[in-house]
Amino acid sequence: VPIGICESEYELLNQNRLQFWENKLGKNFFLFVGSQRYYKGLNIALEAIKKTTIKLVLAGNMGSNKKLMKYATDQKISNVKFLGEVSHEDKCALLKLCFGFVFPSNLRSEAFGIALLEAALMGKPLISCEIGTGTSFINKHDETGLVVNPGDPKSLKEAMFKLLDKPLMANRMGKNAKVRLKKFFNADKQAKAYFDIYSE
């Protein structure tokens with residue numbers, strides 16, 4: 001039974017927070033939302049944008065050791081923003097504003113990826129890695145976004161540039177992602193599916 005999300009929880013966007021983040025970040029950025037864990041591949045994402053014009057925003061708990069921030073500073077990667085933990089309202093605003101969503105998890109410990117669903121609900125093109133788990137059930141290559149080789153900064157960089165260079169394609173993929181979300185990842189359908197299983 002696929003995990004579903006409740007769409008109504010994301011519909012009431014706070015216009016003040018939208019304006020705040022647009023003033024701070026603009027719109028032409030890729031977003032990651034989540035916590036820093038060993039399988040998230042965030043170091044790969046930083047390596048991918050190094051010495052490029054790609055803007056990356058990382059929202060969520062980046063860990064107390066601040067290794068990612070230190071790496072970005074040491075490598076002079078100035079085109080990344082670390083926002084730390086954000087509220088649900090801010091997360092929705094960031095998802096609405098971003099150009100696309102990056103999910104660089106490169107190990108099978110990433111079993112699904114609910115953040116991908118949240119980005120799909122906002123109609124954003126997705127970039128994820130082929131790790132043989134649920135991430136590639138959410139994100140279908142060349143339909144809802146792009147699926148790249150895990151742990152490969154070059155592949156990730158090329159995917160981001162491809163979406164930026166082809167905004168019409170990126171927009172189409174984002175729309176497809178939202179359609180797929182509504183078809184397979186609806187919270188009501190999830191609840192009914194579990195109810196039917198227990199009824200049997």
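Predicted model: local features only at pLDDT ≥ 70, side-chain atom pairs only at ≥ 80, totals over all residues.

Me: Where is Ile-197 found?
Reply: Ile-197 sits in helix H9, residues 187-199.

Me: And which residues make a nonpolar surface patch?
Reply: Val-1, Tyr-194, Ile-197 and Tyr-198 make one of about 460 Å².

Me: OK, strands now. Which way do S1 and S2 run, parallel or antiparallel?
Reply: Parallel, with 4 bridges joining S1 (residues 30-33) to S2. Between the two, the chain passes through helix H2 (residues 42-49), and this β-α-β crossover is right-handed. Leu-31 stands opposite Val-57 in S2.

Me: Which way do the S2 side chains point?
Reply: Leu-56 and Leu-58 point one way, Val-57 and Ala-59 the other way, and all are buried. S2 is also joined to S3 (residues 80-84) by 4 bridges, and these strands run parallel. There, Ala-59 has Gly-84 as its bridge partner.

Me: Switching to aromatics: how many aromatic pairs are there?
Reply: The structure holds 9. One of them is Phe-20 with Trp-21, edge-to-face at 4.9 Å centre to centre and 80° between the planes.

Me: Is Trp-21 buried or exposed?
Reply: Buried, because its relative accessibility is 7%. Phe-20 is at 37%, so that one counts as partly exposed.

Me: Which residues form an aromatic cluster?
Reply: Phe-112, Phe-137, Phe-184 and Phe-185 form one.

Key: Residues numbered from 1 in each chain as written. Heavy atoms only, no water. Buried < 20%, exposed > 50% of the residue type's maximum accessible area, 1.4 Å probe, protein only. Pairing = 2+ DSSP bridges. Right-handed = clockwise from strand over helix to strand, strands pointing away. Patch = residues over 30% accessible without salt bridge, like charges linked within 9 Å, V, L, I, M, F, W, Y side chains within 5 Å. Areas by Shrake-Rupley, 256 points an atom, 1.4 Å probe, with all protein chains shown as cover. Salt bridge = Lys/Arg side-chain N within 4 Å of Asp/Glu carboxyl O. Phe/Tyr/Trp six-rings, centres within 6.5 Å; stacked < 30°, edge-to-face > 60°.
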